[in-house]
Amino acid sequence: MAKKRPQTKAVKPQISDGEIPVVGAREPCPCGSGRRYKACHGRAASHAVTELVQRPFEGLAGECDWIALRELVPAATVPLTLKDGLPEGVPSVTLATVLPMAWPALRREDGSVLIGLQNETPSGDISRDLADTLERALVAEPGSPVAARRAESDGVRLQDLLDPAAAFEPEVHTGFEFWVPDADSAATEVAASLERANAAAIPTVRLKSVDSSYWCETPEKNHLRWVMPYPEEKLLDALARLHAAGTSSLGEGTRLVGSFRAHGLTVPVWDLPSDMGAEECEKPAAEFAERLAGALANEEPLTADERRARGGLTNRQVTLS
């Protein structure tokens with residue numbers, strides 16, 4: 001009989017749990033166990049937050065704009081104000097829709113911090129994941145990006161770190177030049193990422209007459225996408241009343257075509273003529289806001305026509321998150 005080979009003990013991981021980065025589910029786990037990430041530390045990461053947080057930005061100033069920047073707006077930035085003030089050596093903290101190479105965050109050479117919003121998050125709570133990234137960015141070495149990782153299930157959230165009384169005013173950009181102080185002298189990989197991002201960006205403008213409403217231009221037609229803070233059922237009733245009455249449009253050639261669901265709120269969407277720019281949307285949007293306020297205040301049961309209109313709007317909803 002052939003001799004049995006002596007069994008050797010598996011080499012223990014040489015990296016602590018808190019240092020294990022997030023990798024692809026089918027890649028080898030960085031802990032050194034020899035198993036795939038999804039069968040090793042990825043399993044713990046997937047259960048770190050067992051319940052999906054439906055409204056991760058609730059309680060933050062500008063919740064509707066957080067959602068718009070997360071899901072709808074290509075290039076925008078917002079200065080963030082921390083509850084406890086800025087740490088020494090950090091002159092500013094800025095939220096950005098996306099960063100080069102999809103970095104979760106970046107500590108610039110001057111110590112300032114950029115944090116990306118449109119990144120994949122490993123748990124069910126975007127707020128907790130972003131807060132963990134922000135805390136690590138504040139102490140990162142200047143001139144270095146911050147890698148992705150799973151946040152602790154009991155870690156802080158953005159609501160714990162940010163000043164709820166501070167204004168949240170997004171600045172929408174035509175491109176991503178805000179990534180670097182001098183785009184002409186950017187590193188090769190950053191310059192390439194910048195060029196790709198600029199080529200893919202859809203022209204977008206934030207309206208001034210109403211809150212959290214964004215005009216965008218596409219090759220075939222333009223759109224208005226408006227993140228609204230009202231409970232979904234109440235908002236759909238109000239939109240149905242206006243739709244049945246023929247007052248849900250924003251003027252000639254425009255049409256309320258449906259809505260998105262995103263992070264617990266509803267985003268009505270209008271098709272616009274290709275020659276209707278953002279400035280031409282300002283007055284019709286303000287007038288629609290007045291009509292909507294009246295419809296929201298109406299407590300009467302929906303009529304048969306309004307119920308049919310509501311059914312059509314419901315059938316044209318798309319969930320983004």
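Strand 3 (105-107) and helix 5 (188-200) each supply at least two residues of the lining of the largest pocket; helices (H or I, at least four residues) and strands (E, at least two) are DSSP runs, numbered from the N terminus. This is a predicted model, in which local features need pLDDT of at least 70 and side-chain atom pairs count only at pLDDT 80 or more, while totals for chains, interfaces and linings use all residues. Residues are numbered from 1 along each chain as its sequence is written, and side-chain values use heavy atoms, with hydrogens and water left out.

**Pocket**

- The largest pocket is lined by 17 residues, and nearest its centre lie Leu-106, Glu-109, Trp-179, Val-180 and Pro-181.
- A pocket is an open set of points on a 1 Å grid over the protein atoms alone, where a 1.4 Å probe fits, with protein on both sides within 12 Å along at least five of seven lines; lining residues have an atom within 4 Å of a point.
- The lining divides into 9 nonpolar, 2 polar and 6 charged residues.

- Six strands form an open sheet in the order 7-8-9-11-10-12, with mixed pairing (two strands pair if DSSP finds at least two bridges between them).
- Strand 7 (204-206) and strand 12 (317-319) are the edge strands, each pairing on one side only.
- Strand 8 (residues 213-217) pairs with strand 9 (residues 222-226) in the antiparallel sense over 5 bridges.
- Cys-216 has His-223, in strand 9, as its bridge partner.

Technical notes
Ala, Val, Leu, Ile, Met, Phe, Trp, Tyr, Cys and Pro count as nonpolar, Asp, Glu, Lys and Arg as charged, and the others, Gly among them, as polar.
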